[in-house]
Amino acid sequence: LRNPVSDIIDQYTSETGRKVTVIYNGSGALLSQIQLGKGDLYLPANIFYIREAQKLGLAADETIPVSYLTAKIIVRKNNTSIQSLDDLAKPGVRISFANKSAAIGKFTRKILTENRLLKKIEANIIVTKPTVNSIIQDVTLGSADATIAWGALAENSPELRTIEVPIFTAQKSHASITLLRSTRNQAKAMHLARYISANDKG
């Protein structure tokens with residue numbers, strides 16, 4: 001979500017003159033930071049993390065939908081040997097995978113485990129990373145042959161190709177934003193939240 005959020009924040013600041021400080025990290029890592037500090041809004045890539053924040057008394061009851069994210073296989077454009085999940089299990093394929101603290105890591109592990117596919121590719125996972133951007137970067141740099149990440153983050157890259165996976169397409173991740181109970185600027189925070197979620201902004 002880093003790139004689209006960054007663009008929206010720049011536009012918001014330009015229109016309103018309000019400075020916004022954004023901390024980017026994996027969804028789980030952000031939740032840990034919220035428990036230790038303060039903030040106004042929380043925008044994880046999966047609503048699961050908002051539910052956890054609400055259980056901990058850190059977030060308001062209201063959530064505002066922002067977008068739907070679809071997980072896809074990401075490879076370099078010149079890589080034609082990988083076309084499906086089955087290809088990720090082939091000997092010698094190097095996979096960069098998100099760890100459980102990232103929304104994409106939690107999401108893909110859940111879906112792959114439910115479909116009895118995680119064990120098939122585990123042997124080819126050469127590294128795990130805390131954020132979706134870092135696993136995409138591994139593929140971009142050639143450090144890994146493939147990853148599973150939110151397709152929207154790679155589809156505009158001239159160096160990468162995305163591959164749809166039916167089991168991921170059938171279960172999209174819901175990204176939503178919520179107000180944190182630690183906020184001292186509730187009205188301004190909600191104004192920004194609704195701006196981010198507006199269809200003509202995101």
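This predicted model holds an open sheet of 5 strands in the order 5-4-6-3-7, with mixed pairing. Strands pair if DSSP finds at least two bridges between them. Strands (E, at least two residues) and helices (H or I, at least four) are DSSP runs numbered from the N terminus. Strand 5 (125–129) and strand 7 (160–163) are the edge strands, and each pairs on one side only. Neighbouring strands are turned by 35° against each other on average, direction ignored.

Look at strand 3 (residues 71–76). Strand 3 and strand 7 pair in the antiparallel sense over 4 bridges. Here valine 75 stands opposite arginine 161. Helix 5 packs on the sheet and touches strand 3, strand 4 (95–98), strand 5 and strand 6 (146–150). Contact means heavy atoms within 4.5 Å. The direction of helix 5 makes about 105° with that of strand 6. Angles run from 0 to 180 degrees between N-to-C directions, with axes fitted to C-alpha atoms.

Now turn to helix 2 (residues 27–36) and helix 3 (residues 47–55). Their axes come within 10 Å and cross at roughly 20°. That makes helix 2 roughly parallel to helix 3, a label for angles under 35 degrees. Ser27, Gly28 and Leu31 in helix 2 meet Tyr49, Glu52 and Ala53 in helix 3.

Arginine 116 has a positive phi of about 55° although it is not a glycine. Most residues other than glycine have a negative phi.

Residues are numbered from 1 along each chain as its sequence is written. Local features need pLDDT of at least 70, side-chain atom pairs count only at pLDDT 80 or more, totals for chains, interfaces and linings use all residues, and side-chain values use heavy atoms, with hydrogens and water left out.

Key
Angles under 35 degrees count as roughly parallel, over 145 as roughly antiparallel, 65 to 115 as roughly perpendicular and the rest as oblique.
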